[in-house]
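Please consult the sequence and the model displayed below.

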Amino acid sequence: MVFPESYTYHNNNCRRHGKISWFGVLAHGIGLRVTFMHHNAHHGIVRNGKTHLRDLSLDQLSEFVSGFGEPPYRYRQLVSWLYEKLAGDFQEMTDLPLRLREQLAHHARVTSLRATTVQVSQIDGTRKFLFDLGDGKSIESVLMRHGQRVTLCISSQVGCPMDCLFCQTSKGVFQRNLKCGEILDQICHLKRVCRDEDEAKKSHPVNIVFMGMGEPLLNYRSLVHAIRTLNAPEGFDMGSKRITVSTSGLPRRMCNLADAGLRCSLALSLNATTDSDRRRLMPAVSKYPIKETIDAARYFAETSGRRVTLEYVLLRGENTSDEDARRLGKISRQGPFKLNLIPYNPGPEGEYETLDEDELQRFIQLLLPYAPTLTVRRSKGPDIFAACGQLWNQSLGYKKGPAEGT
Ligand code: SAH
């Protein structure tokens, strides 16, 4: 991914979307089936004989504490240590009796992540963390600052099965989904880094983007579970403006997410304006025509009341023709959408090129008559190849070999 220091272009001549409720066409009407998934399924909670506390929903955590014969206020103390004070182990929880801390440490764990590498950009201070998951696997997360604002780019899977041609993560082998606790641990770890650096401030406005390694909607249960804790007042108490799930576009799951009633925003990685180009660049989603994907994005916007971002990575000569610009502009009017153009981040061995400044301006000028609001993301951490997946690839040698027969 690249990181969102954005420049906004407004087309004042163009009618802005008013309230989005005028988009009457619901996914039901176009045959998208919606299946609600329960968030509190007990799955993967006990690992290596210990309960990982951030794998538990808050209801489960409350049950877990009362299982020790403790009064309800102990749950409130523990939850505050986990999500407000961002504890890394039980020893820090000094207002819990020593006996309880020892019991908890015997049966449970606070975190399962260990940062093994941190790369810091000399240009803008962006930091990329490689976390060891304790089972020989690892993931990356990125911390970016824009003045007082902090953005955390979080992974949802170890590797990614989507095989998008331009993405660094897809150069490695997909290994597994992350547990809910492993998702929340990334956030706690990075928030703690911010807090330790800036002790004067009690809390920072933090944005969370699921734009790290993996396809979040393929790890739907853990994702939903994690967002519930992010939303919960006793958890992180974060609203939809601050949480963005980015997807390569799985229409059914986009509708599921809309119906789950979470507070989060959605970004759709469109990246092509024709089905054949999308099939070439993003083969794993080729079975979903753009129309079906856009219908699902519109359904999300309609249901959540939030505009969906259409992300578009600019790959010179692949998806950047004048016709692409016009088609993209038209697609961006098919719902309450905002457009985000992303210059391609080449990484160490980029196979593609992005547009130079003149070409980018031309593309924008062609889009502006159609697109109500358009932002261009600027890469953060260019000197550390801050696109997710690169440090992971380099460190572990998980690169895919050449395809058989080639
Ligand atoms: N699988 C999810 C989330 C991870 S990718 C998704 O596809 O949305 C997050 C964003 O980074 C996506 O918009 C993706 O298109 C973009 N991206 C991936 N590789 C990139 C690269 N090399 N340069 C610029 N953007 C990239």
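Pro-251 counts as buried, with 27 C-beta neighbours inside 10 Å. A residue is termed buried if 20 or more other C-beta atoms lie within 10 Å of its own, exposed if 12 or fewer, and partly exposed in between, with C-beta atoms placed from the backbone. Pro-251 belongs to helix H6. Between Pro-251 and Tyr-299 the separation is 48 residues in sequence and 9.6 Å in space, C-alpha to C-alpha.

The model is predicted: local features need pLDDT of at least 70 and side-chain atom pairs count only at pLDDT 80 or more, while totals for chains, interfaces and linings use all residues. Residues are numbered from 1 along each chain as its sequence is written.

## Overall composition

The chain contains eleven helices and 16 strands. These elements are DSSP runs numbered from the N terminus, helices being H or I of at least four residues and strands E of at least two.

Of the 406 residues in the chain, 46% are buried. Among contacts with a separation of 6 or more, 72% involve residues 24 or more positions apart; a contact requires C-beta atoms, placed from the backbone, to lie within 7 Å.

## Helix packing

Two packed helices are described by the angle between their axes and the distance between the axes. The axes of H6 (residues 251–259) and H8 (residues 290–304) come within 9 Å and cross at roughly 5 degrees. Axes are lines fitted to C-alpha atoms, for helices over the stretch in contact, and angles run from 0 to 180 degrees between N-to-C directions. H6 and H8 are therefore roughly parallel to each other; this label applies under 35 degrees, roughly antiparallel over 145, roughly perpendicular from 65 to 115, and oblique to the rest. Residues making the contact include Pro-251, Met-254 and Leu-257 of H6, and Ala-296, Tyr-299 and Phe-300 of H8. By class, the contact of H6 with H8 has nine nonpolar, three polar and two charged residues. Ala, Val, Leu, Ile, Met, Phe, Trp, Tyr, Cys and Pro count as nonpolar, Asp, Glu, Lys and Arg as charged, and the others, Gly among them, as polar.

For H1 (residues 58–66) and H2, the axes come within 9 Å and cross at roughly 125 degrees, which makes H1 oblique to H2. The contact is formed by Leu-58, Leu-61, Ser-62 and Val-65 of H1 with Arg-74, Tyr-75, Leu-78 and Val-79 of H2. Its class composition is six nonpolar, one polar and one charged residues.

## Strand pairing

Strands S7 (residues 138–146) and S8 (residues 149–153) pair in the antiparallel sense over five bridges; pairing requires that DSSP find at least two bridges. Val-142 has Cys-153 in S8 as its bridge partner. S7 and S8 form a hairpin with two residues between them, and Gly-147 in the turn has a positive phi of about 60 degrees.

S8 is also joined to strand S11 (residues 206–210) by four bridges, and these two strands run parallel. Here Leu-152 is bridged to Ile-208 in S11.

Most residues other than glycine have a negative phi, and most peptide bonds are trans. Leu-86, not a glycine, has a positive phi of about 60 degrees. Leu-86 is found in the loop between helix H2 (72–83) and helix H3 (98–107), and is buried, with 21 other C-beta atoms within 10 Å.

Asp-237 also has a positive phi, near 55 degrees. Asp-237 is placed in the loop between helix H5 (220–231) and strand S12 (243–247), and is partly exposed, with 13 other C-beta atoms within 10 Å.

Definitions and conventions
Contact = placed C-beta atoms within 7 Å.
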